[in-house]
Amino acid sequence: MGKKRVRDVGQARVVFELAADMEEPLNESVALVQAARFAGEAMIAQANPECGEPVIAVAEAALERLEALGRTWRKLFRAASEGKSAA
């Protein structure tokens with residue numbers, strides 16, 4: 001195995017470990033945004049739509065972005081995993 005190949009495998013391992021470290025904060029962020037959305041829904045249920053609707057709108061926008069980040073994270077994790085298994 002050449003030096004370049006060893007370096008590539010080492011870099012893949014680092015990327016894999018970083019991707020794995022991102023999983024918990026990403027999942028926690030999704031849960032927090034969902035909780036904010038539920039809070040907005042509770043405000044509306046309590047006949048306070050002028051306060052609840054903006055909370056829901058912000059939570060939905062954040063959730064969309066987190067879902068996009070999650071898709072990218074899964075691609076990164078798969079790519080890093082494939083690089084690590086090539087070692």
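1. Helices here are DSSP runs of H or I with at least four residues, numbered from the N terminus. The patch consists of Val-15, Met-22, Leu-69 and Leu-76 and covers about 280 Å². Such patches join nonpolar side chains (Val, Leu, Ile, Met, Phe, Trp, Tyr) within 5 Å, taken from residues with over 30% relative accessible area and no salt bridge. Accessible areas come from the Shrake-Rupley method with a 1.4 Å probe, and for residues only the protein chains shown count as cover.

2. The model is predicted: local features need pLDDT of at least 70 and side-chain atom pairs count only at pLDDT 80 or more, while totals for chains, interfaces and linings use all residues. Residues are numbered from 1 along each chain as its sequence is written, and side-chain values use heavy atoms, with hydrogens and water left out.

3. Met-22, a member of the patch, is found in helix H1. Its relative accessibility is 34%, so Met-22 counts as partly exposed; buried means under 20% relative accessible area, exposed over 50%, and partly exposed in between (1.4 Å probe, protein chains only).

4. The largest nonpolar core has seven residues: Ala-19, Leu-26, Val-33, Ala-59, Leu-63, Leu-66 and Trp-73. H1 and H2 are the elements that give two or more residues to this core, and H2 supplies the largest share, four residues. A nonpolar core is a set of buried Ala, Val, Leu, Ile, Met, Phe, Trp, Tyr and Cys residues joined through side-chain atoms within 4.5 Å. Leaving aside residues up to four places away in sequence, Leu-26 touches Leu-66, Leu-69, Gly-70 and Trp-73, where contact means heavy atoms within 4.5 Å.

5. Two salt bridges are counted, each requiring a side-chain nitrogen of Lys or Arg within 4 Å of a carboxyl oxygen of Asp or Glu. Arg-37 pairs with Glu-41 (1.8 Å, N to O); these residues are separated by about one helical turn because they are four residues apart in helix H1. Arg-37 also pairs with Glu-60 (2.5 Å, N to O). This second pair links distant parts of the chain, with Arg-37 in helix H1 and Glu-60 in helix H2, 23 residues apart. Through shared partners, Arg-37, Glu-41 and Glu-60 form one network.

6. Ala-47 lies in the loop between H1 and H2. Its phi is near 65°, a positive value in a residue other than glycine. Most residues other than glycine have a negative phi.

Key
Patches are made of residues with over 30% relative accessible area and no salt bridge: like charges are joined within 9 Å, nonpolar side chains (Val, Leu, Ile, Met, Phe, Trp, Tyr) within 5 Å.
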